[in-house]
Each structure stands twice: as C-alpha cells, then as structure tokens.
Amino acid sequence: MAARAQRTIADVTNPFLSFPTFDIARDGVRIHGRIGGQGAPLLLLHGHPQTHAIWHRVAPALAERYTVVALDLRGYGDSGRPAADAEHRVYSKREMALDALAAMRHHGFERFGVLAHDRGARVAHRLAADHPAAVERMLLLDIAPTLAMYEQTSEAFAKAYWHWFFLIQPPPLPEALIASDPVRYVRSVMGGRHAGLAPFAPEVLAEYERCAGIAGTAESICEDYRASATIDLVHDRADIAAGRRLAQPLRVLWGEHGAVGKAFDVLALWRERAAEVSGHALPCGHYVPEEAPDALLVEALEFFSVPQQAGATS
C-alpha cells in the first residue's frame, strides 16, 4: 500500500517527519504508521493517550541502525476506531498484537525487535506470548504485568493511576466526560504526573490533542482499558495456568519518579512471566521516550545490538 504524503506532526524540522507514512487494513480496521531507517526491523508501540509521535526524540537515532516501524494502536492516532463489542475483544491486546504483526508482515518482516511504552508495552507482551517466533527481543517501558498490577493495586497506585478505574466504568459516562473536552483530558492525564507538561514538545502535544478529538476516540480509549480489566486478564490467567512464560530476552525500564516502580517490584513480577529479564529505573517519570530520550537510546542501542537471526528482514 502506498505511503501517505500527509504529515501529522507540525514540526517540519524533526527528522521523524522524513519517515514515510503508511496505512494497512486488518479485518476492516485501518492501522496507521511510519517507517524509516535501515537494518534489522524494530517495532515501536506507544501508550495512552498518545500516538506514534511519542518516539520523535529517539526514532531518528534508532533509524541509523534499524528499520523503524512506528504504529498507532487501534483507537489511537490516525488508526481506525472499530465499534465495541460486549466482551471487549475488539480492543483486546490479542487483537492489537495481530494488528502489529500484520503491519510488520506487510513490510516483509517475520521476526523483529520490539520497543514499547505503556499500553503499547501491554500489546507487546501479548504479541511475544502469542507469536514467540515473531519477536526476537523486547524492551518495555514503565509497566509491570497487567494482571499483577490489578491484583496488587494499592491505595497509592489507585490514586496515581485513577484513570485505570475511571475508564473501565460502564458507558456512556467516561466517554461523555472525555469527549466533552478531549484537550483537557489529554492535558490532565499527561500533565498530572511527575514533570507536568514540560517534557512534551508543543507541536507533539498538539498532535496528541488533535487525535484525541477524532470522533470515536473516547469510546476507543475506554474500550482499551475495559479490555485490559476483562478479556486481557482471561488471556493472562490462561498463560499462567498453562505454565507459559516469555522466552525472548526482555528488558524493562521504568521512571524512578513514576508510580509503577514505587508501587511494584517490577523485575520480580516480570521474572514470574519471562525467562530472561533485566532492567532498572531511569531518572525520569512515566513518559520515558520524551523525558529521558538520551538514556533510553543508550539502553535500546545496547539491548538491540545483539545480531538478529536470519530471516528478520525481507
């Protein structure tokens, strides 16, 4: 499918804009992304309430060594917003993982590395679990396993991650409140953390706000979280019951000023779910790619420098 000519980030001086955009369709859902660089393939997945623009400070340097594919998750950015279903399967991380797999195969990549943040990291976890032959190695940012975070919720975590419990409430109240002022929602969620809104480039923050205002976004965001509190936990519990653990090398980084590292033993929880785990905190809050891009680049370039197996690229 031909790359789209439009630019969705206003900063024309950002090298990220030289990456061509593309759209694919999977089961009638449009998946939008950007691809650039050369070398082994590296999939980038963003979190909430953001878009693939989250990678604007690290993607150009990564593209000097890797073919970078940055996606908008379904329900976010310029990807499609399919209608919800009663069991929230449409927004399950299993479905989102299939979107990512389809996008990588569209470009001829059968095996690849994954760098993912927040919601995208939960998609990456499911991708690696369901399609182990596709994921070479994986670097996840500022999450513990979803099931563990729900089961071990503390008062401090509930206060910091209030949106986890607000967004899963029955429709239409959460959707209506978000849709009434999507810019305020984005600024409240992102600005309410460690560093406020200071880490976000104005033109990129404007991109997050633009996409939050697209029709159907509020419903999609809520369905993403409702899926995480329902069907995604079913899938996670099935993995645990069957004794399935991630076999890929896994590195997990988190912000020392964020809630995840303070509320959970991140490495211990991931070592319950994966065979080979490393990681540590970085001097930042939740939004690692925008708060600590230089530190993240050091980690990513080191971690993904291990030669990928034959067949990783087309």
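This is a predicted model: local features need pLDDT of at least 70, side-chain atom pairs count only at pLDDT 80 or more; totals for chains, interfaces and linings use all residues.
Residues are numbered from 1 along each chain as its sequence is written. Local features need pLDDT of at least 70, side-chain atom pairs count only at pLDDT 80 or more, totals for chains, interfaces and linings use all residues, and side-chain values use heavy atoms, with hydrogens and water left out.

View 1. Ser79 sits in the loop between strand 4 (66-71) and helix 2 (93-106). Helices (H or I, at least four residues) and strands (E, at least two) are DSSP runs, numbered from the N terminus. Ser79 counts as buried because its relative accessibility is 1%; buried means under 20% relative accessible area, with a 1.4 Å probe and protein chains only. Beyond its neighbours within four places in sequence, Ser79 is in contact with Arg30, Ile31, His32, Asp72, Leu73 and Arg74. Contact means heavy atoms within 4.5 Å.

View 2. The whole structure holds 3 cavities of 30 Å³ or more. On a 1 Å grid over the protein atoms alone, a cavity is a set of points where a 1.4 Å probe fits but cannot get out; lining residues have an atom within 4 Å of a point. Grid points are joined across faces, edges and corners, and a volume is the space filled by probe spheres set on the points. Helix 3 (119-130) and helix 11 (231-241) each give two or more of the lining residues.

**View 3. The largest pocket.** A pocket is an open set with protein on both sides within 12 Å along at least five of seven lines. The largest pocket has a volume of about 190 Å³. Of its 14 lining residues, Ala160, Tyr161, Gly192, Arg193 and His194 lie nearest the centre.

Notes. Buried means under 20% relative accessible area, exposed over 50%, partly exposed in between (1.4 Å probe, protein chains only).
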